[in-house]
Amino acid sequence: MTQGKSITERFRRHLRLQKGLSANTLEAYLHDVGMLFTWCSDEGRDAVTLSLEDLQAFSASLHDLGIAPSSHARVLCGVRAFYHFLELDGYVEQDPSELLETPIQSKHLPEVLSTAEVDMLEGAVDLSKWEGHRNRAIIEVLFSCGLRVSELVTLTLTNIYEEEQFVRVMGKGAKERLVPISSRALKELHLWYDDRRRMKIKPGEEDYVFLNRRGAHLTRTMILIMIKQYAIDAGIKKTISPHTLRHSFATALLEGGASLRAIQAMLGHESIGTTEIYTHIDMTTLREEIEQHHPRNMKSRR
């Protein structure tokens with residue numbers, strides 16, 4: 001956007017002086033517009049010239065990321081305020097966001113957990129049981145890496161690169177991607193490895209990270225039952241599933257200010273292979289996005 005900085009400053013003054021918004025609401029609106037600017041940059045577009053169809057494509061990109069409907073709606077609220085300002089100030093002749101629809105809050109979509117609620121979920125794990133450290137590691141890897149449950153149960157030891165702090169994930173359509181893994185998740189994995197080494201593992205199952213008590217890799221159903229039970233034990237009233245942690249991961253990154261491109265790469269929504277990913281996003285930049293924007297990597301947290 002050629003005049004992005006100056007327009008953003010004028011928009012800020014508009015919100016502060018004419019709308020009388022609180023400091024927190026003002027910054028939230030500017031963050032939402034920043035998400036739109038990032039999308040425009042990725043698409044080679046200028047926000048001033050976007051049509052309703054373009055804004056619908058931007059909205060669809062948020063949905064594809066698995067962003068919670070409430071956060072999705074909030075972003076669009078900020079975008080509408082921005083285009084209303086552009087129309088008032090004469091940047092556009094007609095507000096293209098007037099007919100932009102807000103996503104419906106579907107009861108069938110997984111809810112989103114806050115970082116505190118994820119901590120509650122992990123706190124419900126009984127570490128005196130043989131599977132305790134395994135289950136803590138499962139929850140942490142789901143939340144810290146945003147994996148699908150199918151990707152978690154097929155995760156192998158040889159695909160975890162601890163020194164580089166990446167895991168190689170086999171996603172949908174046999175597409176591979178590299179995903180940063182936090183120090184917190186690696187710590188939980190090591191605690192599980194101590195127990196895992198004492199197990200009798202079935203032939204052919206040796207490379208799977210997560211195993212059941214019979215030494216075979218876990219199933220998706222087992223993970224679902226486990227997560228739901230811990231939610232009950234933790235007193236979490238939301239209806240959740242393993243996929244809730246993936247939604248929570250994406251939402252935490254979005255609200256922390258990560259770019260759409262980084263989140264798309266992390267979730268595997270683009271067709272990115274193990275070599276192609278280097279042409280889509282630099283690995284150093286991707287790690288920096290996670291370290292800067294995911295709550296598990298904030299310096300204030302353990």
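In which helix do Phe-82 and Phe-85 both lie, and how many residues apart are they? Both lie in helix H4, 3 residues apart, which is about one turn of the helix. The legends below describe close-up views of a predicted model.

**Figure 1. Overview of the chain.** The predicted model shows one chain with 13 helices and 3 strands. The chain has 302 residues, and buried residues make up 50% of them. Among contacts with a separation of 6 or more, 62% are between residues 24 or more positions apart. The number of disulfides in the structure is 0.

**Figure 2. Helix H4 and the glycine after it.** Helix H4 covers residues 69–88, which is 20 residues. From its first C-alpha to its last, H4 reaches 29 Å, close to the 28 Å expected at 1.5 Å a residue. Just after H4 comes Gly-90, which takes a positive phi of about 85°.

**Figure 3. The ring pair of Phe-82 and Phe-85 in helix H4.** The structure holds 8 aromatic pairs. In the pair of Phe-82 and Phe-85, the ring centres are 6.5 Å apart and the planes meet at 40°, so the pair is tilted. The two residues are 3 residues apart in H4. An α-helix has 3.6 residues a turn, so residues three or four places apart point the same way. Phe-82 and Phe-85 are both buried. Ring pairs also link these two residues into a cluster with Phe-11, Phe-37, Tyr-83 and Tyr-91.

**Figure 4. The ring pair of Trp-130 and Trp-192.** A pair of aromatic rings is described by the distance of the centres and the angle of the planes. Phe-82 and Phe-85, the pair in the previous view, are both buried. Trp-130 and Trp-192 form a tilted aromatic pair, with 6.4 Å from centre to centre and 50° between the planes. This pair links distant parts of the chain, 62 residues apart. Trp-130 is in the loop between helix H5 (115–123) and H6, while Trp-192 is in helix H8 (residues 183–196). Are the two residues buried or partly exposed? Trp-130 has a relative accessible area of 27%, so it is partly exposed. Trp-192 has 0% relative accessibility and therefore counts as buried.

**Figure 5. Helix H6 and its end.** Helix H6 (residues 132–145) has 14 residues, which should span 20 Å at 1.5 Å a residue. The end C-alpha atoms of H6 are 20 Å apart, which agrees with that value. H6 is mostly covered, with 14 of its 14 residues buried. Cys-145 has a relative accessibility of 0%, so it counts as buried. Gly-146 follows H6 and has a positive phi, near 65°.

Figure 6. Glu-188 lies in helix H8. Its relative accessible area is 5%, and because buried means under 20%, Glu-188 is buried. Leaving out residues up to four places away in sequence, Glu-188 touches His-133, Arg-136, Ala-137 and Glu-140.

**Figure 7. The hairpin of strands S1 and S2.** Strands S1 and S2 run antiparallel and are joined by 2 bridges. Tyr-161 stands opposite Phe-166 in S2. The hairpin has 4 residues between the strands. Gln-165 is found in this loop, between strand S1 (160–161) and strand S2 (166–170). Is the phi of Gln-165 positive or negative? The phi of Gln-165 is near 60°, a positive value in a residue other than glycine. Most residues other than glycine have a negative phi.

**Figure 8. Met-170 where strands S2 and S3 pair.** Strand S2 and strand S3 (residues 176–180) run antiparallel, with 5 bridges joining them. Met-170 is in strand S2, and its bridge partner in S3 is Glu-176. Which residues does Met-170 contact, leaving aside its neighbours within four places in sequence? They are Glu-151, Lys-175 and Glu-176. Met-170 is partly exposed, with a relative accessible area of 40%. Met-170 and Leu-147 are 23 residues apart in sequence, and their C-alpha atoms are 9.9 Å apart in space.

Technical notes. Residues are numbered from 1 along each chain as its sequence is written. This is a predicted model: local features need pLDDT of at least 70, side-chain atom pairs count only at pLDDT 80 or more; totals for chains, interfaces and linings use all residues. Side-chain values use heavy atoms; hydrogens and water are left out. The expected span of a helix is 1.5 Å times one less than its number of residues. A disulfide is a pair of cysteine sulfur atoms within 2.5 Å. Buried means under 20% relative accessible area, exposed over 50%, partly exposed in between (1.4 Å probe, protein chains only). Contact means heavy atoms within 4.5 Å. Rings of Phe, Tyr and Trp (its six-membered ring) pair if their centres lie within 6.5 Å; planes under 30 degrees apart count as stacked, over 60 as edge-to-face and the rest as tilted. Two strands pair if DSSP finds at least two bridges between them.
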